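Visitor: I would like to learn how to read a protein structure. Please take me through one, feature by feature.

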Amino acid sequence: MTIETERLIMRPWEESDAEDLYRIASDPLVGPPADWQPHDSVQHSLGVIRTVLSSGETYALVLKETGRPIGCAGIIFPPHANVPLADGEAEIGYWLGSAYWGRGLTPEAVKALEIRAFAGLGLSALWCAYFDGNDRSRRVSEKCGFAYVRSLYGVPSGLGGTRTEHLARLTRAQWETLSPQ
């Protein structure tokens, strides 16, 4: 499936994207706030495309003006979600290359995924998780209508140690109130 927004084409990742993925995911400003290590080679990025980014609702965020991937966003279902989910719920995840921060591209992608989740897939709620200190992700979730629900303390980190994770939710009813139909 491909989703188009004003400035983005959201499409499945392709193996030919490995060099572009490495270019943006090797940046130490990108992965650690989302709890993953920067990519250390194009081969590493190719492996991530083949495994993590190959799920059905995970999209490369391709900037229309360049035709190249600049980030990733997706709808994550159990058992791959990082948060406990009820039936009819999913988690939304996103990250963007640091060179593209501050342009409103991530909220643009997340709002497109909200339409996909609620109008296309008929979900009842979306959850968004962000780690303490990741103010960019928190702000994106707030801009997109997510409301803080609770914090989880002592969450094991992929980077070692533990972290505090904050959970926010957007229900279908809230989305219908916020979104022009």
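Visitor: Which residues is His166 in contact with, leaving aside its neighbours within four places in sequence?

Guide: Contact means heavy atoms within 4.5 Å. By that rule, His166 is in contact with Cys128, Ala129, Tyr130, Phe131, Asp132, Tyr148, Arg150 and Ser151. This is a predicted model: local features need pLDDT of at least 70, side-chain atom pairs count only at pLDDT 80 or more, and totals for chains, interfaces and linings use all residues. Residues are numbered from 1 along each chain as its sequence is written, and side-chain values use heavy atoms, with hydrogens and water left out.

Visitor: Which side chains make a polar contact with the side chain of His166?

Guide: A polar contact is a pair of N or O atoms within 3.5 Å; within protein, one must be able to donate a hydrogen and the other to accept it, and residues adjacent in sequence count only if both atoms are side-chain atoms. The His166 side chain has such a contact with that of Asp132, at 2.8 Å. With the side chain of Ser151, the value is 2.6 Å.

Visitor: Is His166 buried or exposed?

Guide: Buried means under 20% relative accessible area, exposed over 50%, and partly exposed in between (1.4 Å probe, protein chains only). His166 has 13%, so it is buried. His166 sits in strand E8, residues 162-171. Helices (H or I, at least four residues) and strands (E, at least two) are DSSP runs, numbered from the N terminus.

Visitor: What about Glu108: buried or exposed?

Guide: Glu108 has a relative accessible area of 14%, so it counts as buried. Glu108 belongs to helix H3, residues 105-120. Its side chain makes a polar contact of 2.7 Å with the side chain of Arg7. Beyond four places in sequence, Glu108 is in contact with Thr5, Glu6, Arg7 and Leu8.

Visitor: Which residues of helix H2 are buried?

Guide: H2 covers residues 42-50, and Ser45, Leu46, Val48 and Ile49 are buried there. Seen down the axis of H2, these fall within an arc of 160°, so they line one face of the helix. The arc is that of the directions from the helix axis to the C-beta atoms. An α-helix has 3.6 residues a turn, so residues three or four places apart point the same way. Helix H1 (18-25) is among what covers the buried residues of H2.

Visitor: How do I read paired strands?

Guide: Two strands pair if DSSP finds at least two bridges between them. Strands E3 (residues 58-63) and E4 run antiparallel, joined by six bridges. Leu63 has Arg68 as its bridge partner in E4. The hairpin has four residues between the strands, and Gly67 takes a positive phi near 75°. E4 also pairs with strand E5 (residues 89-96), antiparallel, over six bridges. There, Ile75 stands opposite Ile92.

Visitor: How many residues of E4 and E5 are buried?

Guide: In E4 (residues 68-76), seven of nine are buried. In E5, it is seven of eight, so E5 is largely enclosed by the rest of the structure.

Visitor: Where does the chain go from E5?

Guide: It crosses through H3 to E6, in a right-handed β-α-β crossover. Right-handed means that, with the strands pointing away from the viewer, the path from the first strand over the helix to the second runs clockwise. E5 and E6 (residues 125-131) run parallel, with four bridges. Ile92 stands opposite Cys128 in E6.
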